[in-house]
Structures are given as structure tokens and as C-alpha cells.
Amino acid sequence: MKFLKTLAIGLAGLLASYDAVACTTAIVSAGASETGRPLLWKQRDTGNPFNTAVFICATDSSLAYTGIFNVSDVERRSVYAGENEKGFAIVNNSSYNLASGEYPTKNGSFMRRALERCVTVDDFEAMLLSENHRKVEANFGVIDASGGAAYFEAADSSVTRFDVPEGGWMVRSNFSVSGTPEGQGYARYLTAQALMSAHKGKF
């Protein structure tokens, strides 16, 4: 099956400790990208030191995709970054200030279902709004083959969409802009903002 070569995902997995929570992500719009295609980037800081990229074949009811899994997840239930055959791609940061009250979260299994079903950013929004008891608390970064690019700050009881402006970019760490003022990762958020702002030319 031929993949649409319209998107790129960068993933770096780092292990700081078994309590690590320090993921940082960025979305670059098509207009700010040197290739003219939107870009996703994720630094994954996780208590699972062994990760693997796996291609999952399409079925009658799902799209084919390539995803990042924990090696220990032998049944491939939870994806933490990926792109499907239609050019839809997704990353996430766990968020700790949306107060969903649902622990443990199901961010990875929700992302797997999104890769199996979604073609566009709007499809992902519709999926978020339609699923009850989704048990997520995350900032989801998504892009699609038509140039769509957005963050969704989502918990069980809330969804807030932030579209990336054409020619621009956005970053997130482990708190949500739409959440309560308290949040983890604010220093990393400011650092990522500064690094992106200092970049000259297109990404």
C-alpha cells in the first residue's frame, strides 16, 4: 500500500526517570515548512524506555497506519505518534491541568482509533465530540494531507481547538492553555517557544 508522502513526524524518545512526564510537541504549518507540507514533532519522555515503530495493515473497517508503540504493548493497543495511509497524523502531550478526573487516561488507545478512522483534522474533531467517556486528558496535535493543522486540548468534559495559522507554528508541553492556571512543563513551553521563534527561514 502506497503512503501519501505529504507529512513528516519527528520523534525523539528520552527517559529521564520512571516518573517522567516531560513531553514537548510542535506543529509547523505548510506555509512555514521548507517542503510546503505541514510537520509534526514530538519529544517523548516516558517511563517506557523501549519503543518501536510498527506498520499496521488496513482491514475492512480501518485504515493502515504506522505508529509508535511501547515494545511491551504486544497487542498494539496504544499509539503515541503516527500517520495513516490518508496522510492524517497525530502526536500528543499528556496534560495535567484539564481536571478530567479520569485516571489512568486512555490517550494512546484513543489515538490508535483516530489513526484507524480519520482522514482530516475535522474528522478528528468530530470523533472527539462524538465519543462519550473517552478518558483522555491531553493536547493532541494533528495534521492532514490537505494542509490542516491544529491542536485539540481535550478531556472528558471539554474540547478546545487551536488552529495553527498559515505560515505559523504552535508548541505545547504538559499543560493546556484552556485549563486551570496550574500546569506542568511551563518552563519547557517557554524554551520551545524561544527556540522556534529564533529559527530563521522555513522549517
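1. The model is a predicted one, in which local features need pLDDT of at least 70 and side-chain atom pairs count only at pLDDT 80 or more, whereas totals for chains, interfaces and linings use all residues. Residues are numbered from 1 along each chain as its sequence is written, and side-chain values use heavy atoms, with hydrogens and water left out.

2. Burial is judged by relative accessible area, with buried meaning under 20%, exposed over 50% and partly exposed in between (1.4 Å probe, protein chains only). Of the 203 residues of the protein chain, 48% count as buried. If contact is taken as heavy atoms within 4.5 Å, then among contacts between residues at least 6 apart in sequence, 61% join residues at least 24 apart.

3. A nonpolar core is a set of buried Ala, Val, Leu, Ile, Met, Phe, Trp, Tyr and Cys residues joined through side-chain atoms within 4.5 Å. The largest such core has 22 residues, of which Phe88, Ile90, Phe124, Phe140 and Phe152 touch the most other members. At least two residues of this core come from each of β5 (65-70), α1 (107-117), α2 (121-130), β8 (138-143) and β9 (149-155). A second, separate core has eleven residues, including Ile68, Ile143, Tyr151 and Val164.

4. The surroundings of phenylalanine 140 deserve a look of their own. Not counting residues up to four places away in sequence, phenylalanine 140 touches Ile90, Val91, Asn92, Asn107, Phe110, Met111, Phe124, Ala150, Tyr151, Phe152 and Ala154.

5. Valine 159 lies in strand β10 (residues 158-163) and counts as partly exposed because its relative accessibility is 24%. With residues up to four places away in sequence again left out, valine 159 touches Leu128, Leu129, Arg134, Phe152, Glu153 and Ala154. The C-alpha atoms of valine 159 and leucine 98 are separated by 9.9 Å, although these residues are 61 apart along the chain.

6. Strands pair if DSSP finds at least two bridges between them; five bridges join strand β2 (residues 24-28) to β3, and the two run antiparallel. Within this pairing, threonine 25 stands opposite lysine 42 in β3. Strand β3 (residues 39-45) is mostly covered, six of its seven residues being buried.

7. For pockets, a 1 Å grid is laid over the protein atoms alone, and a pocket is an open set of points where a 1.4 Å probe fits, with protein on both sides within 12 Å along at least five of seven lines, while lining residues have an atom within 4 Å of a point. Grid points are joined across faces, edges and corners, and a volume is the space filled by probe spheres set on the points. The second largest pocket has a volume of about 290 Å³, and of its 13 lining residues the closest to the centre are Ala26, Trp41, Val171, Met196 and Phe203. β2, β3 and α3 (186-198) each supply at least two residues of the lining, the largest share, five residues, coming from α3.

Definitions and conventions. Helices (H or I, at least four residues) and strands (E, at least two) are DSSP runs, numbered from the N terminus.
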